[in-house]
Amino acid sequence: MDSPQALLDHCCLQFTPVGKDAWTLNDSNGSVTIPMSGQVMVNDVRVIRSMALAGDGVALLPVYLCRPECEHGRLMRVLPQWQAQADPLHIVYPRQRFMPPKLRAFVDLASRELRKWLEEW
């Protein structure tokens, strides 16, 4: 597959909260929106991953959920130069008047490591 338009010829496994009407993909030259036409729609991204692993279609999956499968050859990136808009990740902790130094150190370390892990991909 060499362009996003080729997705129109494949069964696309759609995670409904992300985009049931279209997928918008970005590369270094801009973005393109590919209309989806009600093929397979599921509201659980883990089910989408399982279906992709079973060979049931092409899926738009987050890196954290499919990286090990890609590294071991169980899944393959079909449009590696294209990416979807990344959703932000949040570290959530109870509201406190003062952040303990241990929590601050953890938040800083986790932020650095997550950023490196996601950028390597």
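In the predicted model, three strands are arranged as an open sheet in the order S3-S2-S6, with antiparallel pairing. Strand S2 (residues 22–27) is joined to S3 by six bridges, and the two run antiparallel. Within this pairing, Trp 23 has Ile 34 in S3 as its bridge partner.

Strand S3 spans residues 30–35 and includes Val 32. Val 32 counts as buried, because its relative accessibility is 17%, where the limit for a buried residue is under 20%. When residues up to four places away in sequence are not counted, Val 32 touches Pro 4, Gln 5, Trp 23, Thr 24, Leu 25 and Trp 82. Val 32 and Leu 118 are 86 residues apart along the chain, and their C-alpha atoms are separated by 23 Å.

A further set of strand pairings involves S1. Strand S1 and strand S5 (residues 58–59) pair in the parallel sense over two bridges, and Cys 12 stands opposite Val 58 in S5. Strand S4 (residues 40–42) also runs parallel to S1, to which it is joined by three bridges. Here the bridge partner of Gln 14 is Met 41 in S4. In a regular strand, side chains alternate between the two faces of the sheet. In S1 both faces are covered: Cys 12 and Gln 14 are buried on one side, and Leu 13 and Phe 15 are buried on the other.

The largest nonpolar core consists of twelve residues, namely Leu 13, Phe 15, Val 42, Val 45, Ile 48, Met 51, Ala 52, Leu 61, Leu 65, Cys 66, Cys 70 and Leu 75. At least two residues of this core come from each of strand S1 (12–15), helix H2 (45–53) and helix H3 (63–71). The greatest contribution is that of H2, with four residues. Another core lies apart from this one and has ten residues, among them Cys 12, Trp 23, Ile 34 and Leu 79. Phe 15, a member of the largest core, is in contact with Val 42, Asn 43, Asp 44, Val 45 and Ile 48 when its neighbours within four places in sequence are left aside.

The buried residues of H2 include Val 45, Ile 48, Met 51 and Ala 52. These residues are on the same side of H2, because they cover an arc of only 115° around the axis. Among the elements that cover the buried residues of H2 are S1, S4, S5 and H3. At the start of H2, the backbone nitrogen of Arg 46 is approached to within 2.9 Å by a side-chain oxygen of Asp 44. Asp 44 also forms a salt bridge with Arg 46, in which the closest N and O atoms are 3.1 Å apart. Asp 44 itself counts as partly exposed, at 22% relative accessibility. Gly 55, which follows H2, has a positive phi near 85°.

Helix H3 contains Glu 69, which counts as buried at 11% relative accessibility. Apart from its neighbours within four places in sequence, Glu 69 is in contact with Arg 49, Leu 53, Arg 74 and Leu 75. Glu 69 and Met 1 are 68 residues apart along the chain, with 19 Å between their C-alpha atoms.

The count of salt bridges in the model comes to four. One of them joins the side chains of Arg 104 and Asp 108, at 3.0 Å from N to O. Arg 104 and Asp 108 are separated by about one helical turn because they are four residues apart in helix H4 (residues 101–120). Arg 104 is partly exposed, with a relative accessible area of 37%, and Asp 108 is likewise partly exposed, at 33%. In another salt bridge, the side chains of Lys 116 and Glu 113 meet at 3.2 Å from N to O. Lys 116 and Glu 113 are three residues apart in H4 and are therefore separated by about one helical turn. Lys 116 counts as partly exposed at 46% relative accessibility, and Glu 113 is partly exposed with a relative accessible area of 39%.

Conventions:
Residues numbered from 1 in each chain as written. Predicted model: local features only at pLDDT ≥ 70, side-chain atom pairs only at ≥ 80, totals over all residues. Heavy atoms only, no water. Core = buried A, V, L, I, M, F, W, Y, C linked by side-chain atoms within 4.5 Å. Buried < 20%, exposed > 50% of the residue type's maximum accessible area, 1.4 Å probe, protein only. Contact = heavy atoms within 4.5 Å. Pairing = 2+ DSSP bridges. Arc of directions from axis to C-beta. Polar contact = N/O pair within 3.5 Å; in protein donor to acceptor, adjacent residues only side chain to side chain.
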